[in-house]
Amino acid sequence: MTTAELVCPAGTPAALRTAVDAGADAVYCGFQNATNARNFPGLNFTPDEMAEGVAYAHRKGAKVLLALNTFPPAGKFGLWQEAADLGAKYGVDAMIVADMGVADWIRRTHPGQRLHLSVQAAASSPEAIRYYVEAFGIRRVVLPRILTVPEIRALAAEIPCEIETFIFGNHGLMVEGRCSLTNYATGLSTNMGGVCSPANDVEYRREADGSMSTRLGAFTIDRFAPDETAGYPTICKGRYRAPCRPDGYYAFEEPISLNLSRLLPDLMAAGVHAFKIEGRQRSRAYVRQVVAAFRAAVDSIRAGREPELANLLALTEGQKETQGAFKTKTWR
């Protein structure tokens, strides 16, 4: 059985301390710029806050993983170089990269720096992962959320690096063309600028019948009845009318959260080294509750006991969750 490192979100310095205190083995975080895929106002770290966060985590025995998981546009590569230099200076334990140029630059400039391959790189075959390991010294790959347990088990036997999988939170599938829709609607890029559905482009309208419409830029992307819970305001999780479905339907992806808590033992046995909780935009209360629940579950499994997981359904988006679909059948 693998070590089962618990990797937890830290969108702010306060969330970092909360995650560490709740039992995180590692936290992942980013700077306040386009180098990370959650580049929103009020989130992320200044250089001084990053230095303090790394020191706090290390005092508590936890690791810090720096997210450099976006793709530099032409002429702006220096921002990623500066972020990597600062991360190395402050002693982050690993850098999470997606762009091959960024990975190559860090490998050459900071040869002792541990590199993890972001899910943004969309590497899911043994051939692709081996290439990243051989070319850039990648030590861990974060797998796309669509792989099943048998697929992960087979992959683990063929690659020379650690595996990290998402275990709870957003079920976004990333880098499959959908992020380009947000770029079209708002002019800002998820994959290059780290901004998905920027808040100043989101508008909620109360309709005469009591329903609520959600707009992103100039586009209406969903409408919710008075008794419905509004989902995250992003194009890929919106409902649309089409000639074949005049009542409206989720054309790209239903707002379903990922909760693979029941598959923890199977994933550990399959060779997963680290479990990632999504949620750098979430509150400290959310981080504390989810991290503590999974800390207790992982410790119970390691000790050979049946895990007693808290009911996490209340924290899932839209009050819906995926739970067992990933065990034998790919969820698409």
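Predicted model: local features only at pLDDT ≥ 70, side-chain atom pairs only at ≥ 80, totals over all residues.
Reader: How many cavities of 30 Å³ or more does the structure hold?
Author: The structure holds two cavities of that size.

Reader: What volume does the largest cavity have, and which residues are closest to its centre?
Author: The largest cavity contains about 190 Å³ of space. Its lining comprises 16 residues, and Y28, R38, N69, F166 and R280 are the closest to the centre.

Reader: How does that lining of the largest cavity divide by class?
Author: Seven residues in the lining of the largest cavity are nonpolar, four are polar and five are charged.

Reader: And the second largest cavity, what is its volume and which residues lie nearest its centre?
Author: The volume of the second largest cavity is about 110 Å³. Among its 14 lining residues, L147, I152, T165, F166 and L260 lie nearest the centre.

Reader: Which elements each supply at least two residues of that lining?
Author: For the second largest cavity, these are α6 (149-156) and β7 (162-169).

Reader: What classes are found in the lining of the second largest cavity?
Author: The lining of the second largest cavity has 11 nonpolar residues, two polar residues and one charged residue.

Reader: Turning to pockets, which residues line the second largest pocket?
Author: The lining of the second largest pocket consists of T220, D222, R223, R239, Y240, R241, D247, G248 and Y249. Two or more residues come from each of the elements β10 (219-224), β11 (239-242) and β12 (245-250).

Reader: How much space lies in the second largest pocket, and how does its lining divide by class?
Author: The second largest pocket holds about 290 Å³ of space. Its lining has five charged, two polar and two nonpolar residues.

How values were computed. Residues numbered from 1 in each chain as written. Heavy atoms only, no water. 1 Å grid on protein atoms, 1.4 Å probe; cavity = no way out; pocket = protein on both sides within 12 Å on 5 of 7 lines; lining within 4 Å. Points joined across faces, edges and corners; volume = space filled by probe spheres on them. Helix = DSSP H or I, 4+ residues; strand = E, 2+ residues; numbered from the N terminus. Nonpolar A, V, L, I, M, F, W, Y, C, P; charged D, E, K, R; others polar.
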